[in-house]
Amino acid sequence: MIEKMDQAIIEQSLEILNKNIDKIWTIKEGNLHQTFKFSDFISAFAFMTKVAIIAEKSDHHPNWSNVYNKVVIDLTTHEAGGLTKRDFDMALEISNYC
């Protein structure tokens with residue numbers, strides 16, 4: 001079973017995640033949160049397709065939405081009831097793709 005992180009570990013993991021990326025992730029309503037903006041819908045949809053492949057391979061699927069050129073992603077591990085290492089690993093992989 002995957003363990004839910006405590007607040008101190010979440011804060012430390014968020015700092016490590018955001019250290020080497022351009023667009024920082026935040027915590028919003030208990031989720032690891034990010035909004036990505038693209039030049040157009042096709043670019044946003046291409047990004048979502050890549051993220052879908054990452055998600056399927058890792059068996060960890062984001063909560064997300066898309067409106068035209070904007071993709072909003074929220075990560076949490078439902079079976080753990082909160083944030084876990086899986087969420088931060090996936091956020092890093094998504095960020096490395098962008």
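**Entry 1. Fold**

I read the elements of the protein chain from the N terminus on: they run α-β-β-α-β-β-α. The radius of gyration is 13 Å, close to the 13 Å that the globule rule gives for 98 residues, so the chain is as compact as a globular protein of that length. The radius is taken over C-alpha atoms, and the rule is 2.2 Å times the number of residues to the power 0.38. My count of secondary structure is three helices and four strands. Both are DSSP runs, numbered from the N terminus: helices are H or I with at least four residues, strands are E with at least two.

I note that this is a predicted model, where local features need pLDDT of at least 70, side-chain atom pairs count only at pLDDT 80 or more, and totals for chains, interfaces and linings use all residues. Numbering starts from 1 along each chain as its sequence is written, and side-chain values use heavy atoms, with hydrogens and water left out.

**Entry 2. Box and burial**

I took the box along the principal axes: the C-alpha atoms fill roughly 40 × 25 × 20 Å. Of the 98 residues, 40% count as buried. Buried means under 20% relative accessible area, exposed over 50%, partly exposed in between (1.4 Å probe, protein chains only).

**Entry 3. Positive patch**

I looked up surface charge. Lys 23, Lys 28, Lys 37 and Lys 70 gather in a positive patch. Patch residues have over 30% relative accessible area and no salt bridge; like charges are joined within 9 Å, nonpolar side chains (Val, Leu, Ile, Met, Phe, Trp, Tyr) within 5 Å. A salt bridge puts a side-chain nitrogen of Lys or Arg within 4 Å of a carboxyl oxygen of Asp or Glu. The place of a Lys charge is taken as NZ.

I then checked Lys 23. It lies in the loop between α1 (7–19) and β1 (26–28). Lys 23 is partly exposed, at 42% relative accessible area.

**Entry 4. Nonpolar patch**

I found Phe 41, Ile 42, Phe 45, Val 67 and Tyr 68 in a nonpolar surface patch, with about 560 Å² of accessible area together. Areas come from the Shrake-Rupley method with a 1.4 Å probe. Helix α2 (residues 41–58) gives the largest share, three residues. Val 67 sits in strand β3 (residues 63–67). Val 67 is exposed, at 58%. Tyr 68 is in the loop between β3 and β4 (70–75).

**Entry 5. Positive phi**

I looked at backbone angles. Tyr 68, a residue other than glycine, has a positive phi near 50°. Glu 29 also has phi near 50°, again positive and not in a glycine. Glu 29 is in the loop between β1 and β2 (31–37). Glu 29 counts as exposed, at 76% relative accessibility.

Methods:
Lys, Arg positive; Asp, Glu negative; His and termini not counted.
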